[in-house]
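Here's a quick briefing to read with the structure open beside you. Take it one topic at a time and look up each residue as you go.

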Amino acid sequence: MASSNFIDHVRFCSRSGNGGPGSVHFRREKHVPKGGPDGGNGGRGGHIILRGNRQLWTLLHLRYKKHAIAEDGKPGEGGNRSGSEGKDIILEVPLGTIAKDAETGEKRVEILEEGQEIILTPGGRGGLGNDNFKNATNQTPHYAQPGEDGIEEWIILELKVLADVGLVGFPNAGKSTLLSVLSEAKPEIANYPFTTLVPNLGVVAYRDHKSFVMADIPGIIEGAAEGKGLGIRFLRHIERNSILLFMVPADADDIRKEYEILLKELTKYNPELLDKQRMLAVTKSDMLDDELMEEMKKEVPTELPSIFISSVAQKNLDPLKDMIWQSINT
């Protein structure tokens, strides 16, 4: 996912179709001087529908779609013929997409499964034809229902990346390097802050043809929840991850303090993130000898599983995957 192609927020006008009016019509047949009412019903207006597609990773294809307009239903006809329904508009979206009302911010629908379809903006109901209103006291009704109007509303689509493991750390903590080594993902890697400007996803192969999805979330800094650095723009992607893997480099001044700052920023953004499973990886440990590593283990927080790894030297990467897999399946 190139940074220019990763779009996780779009706003558009969603307009469903009007329902078709019912028909006022009477039978006109030879030798039937008093044919009864036979006006058909109008067709339903088209819906605006969201459909989940696991092949999509971004909302880029909807970036320039400012309007989604469904077809109106057709009017009913004589002979009790119903009008055809308006054509639905189906918008394919990545898994993890949320639709909100642009005016109120209210969450409307959520797409989490492949092929899942949810009506976002329902079309107007078709009107009943006059055949529906005949009775013993009114055998020739000269009226029918108009179709219901469709709905026009502004919608915001937000994407929250779905992954089993989310990598959380300061810039240059080694998140992109780990993702590139464990998966086929090819994130941009460079020795300066905020190399990663968008979330990157990778599928990590595990034993016996099993796998799990790992997401590299752009670097957090102290004050991110208040909008510093990249701010909270990408913090919402962490909400979808089953496990949060905190990454602190071995050359950090204070491993525990860095971990606590990261945890604090996540908590300020959304306290519910504290309920997720957490583990800690101390990266770049290839620069440590055994004696120094034993000393540094005393600085590591004891309230969560931890491991010393090196992506470059591929040190302890299999034990890390074992830890992750065990956590996913507990």
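**Salt bridges and a buried proline**

Arg 15 has a relative accessible area of 36%, so it counts as partly exposed (buried is under 20%, exposed is over 50%, and partly exposed is in between, using a 1.4 Å probe and protein chains only). Keep in mind that this is a predicted model, where local features need pLDDT of at least 70, side-chain atom pairs count only at pLDDT 80 or more, and totals for chains, interfaces and linings use all residues. Residues are numbered from 1 along each chain as its sequence is written, and side-chain values use heavy atoms, with hydrogens and water left out.

- Arg 15 pairs up with Glu 152 in a salt bridge, and their closest N and O atoms are 3.9 Å apart (a salt bridge is a side-chain nitrogen of Lys or Arg within 4 Å of a carboxyl oxygen of Asp or Glu).
- This pair ties together distant parts of the chain, 137 residues apart: Glu 152 sits in strand E8 (residues 152-159) and Arg 15 in strand E1 (residues 9-15). Helices (H or I, at least four residues) and strands (E, at least two) are DSSP runs, numbered from the N terminus.
- Glu 152 has 52% relative accessibility, so it counts as exposed.
- Arg 54 and Glu 114 make another salt bridge, with 3.9 Å between the closest N and O atoms.
- Here too distant parts of the chain are linked, 60 residues apart: Arg 54 is in the loop between strands E2 (48-52) and E3 (67-69), and Glu 114 is in the loop between strands E6 (107-111) and E7 (117-121).
- Both partners are partly exposed, Arg 54 at 46% and Glu 114 at 42%.

**Other bridges**

- Asp 131 bridges to Lys 134, with the closest N and O atoms 3.0 Å apart.
- Asp 131 is buried at 19%, whereas Lys 134 is partly exposed at 45%.

**Around Pro 301**

- Where is Pro 301 found? Look in the loop between helix H3 (290-296) and strand E14 (306-308).
- With a relative accessibility of 2%, Pro 301 counts as buried.
- Leaving out residues up to four places away in sequence, Pro 301 touches Ile 255, Arg 256, Tyr 259 and Leu 280 (contact means heavy atoms within 4.5 Å).
- Pro 301 and Leu 280 are 21 residues apart along the chain, and their C-alpha atoms are separated by 8.5 Å.
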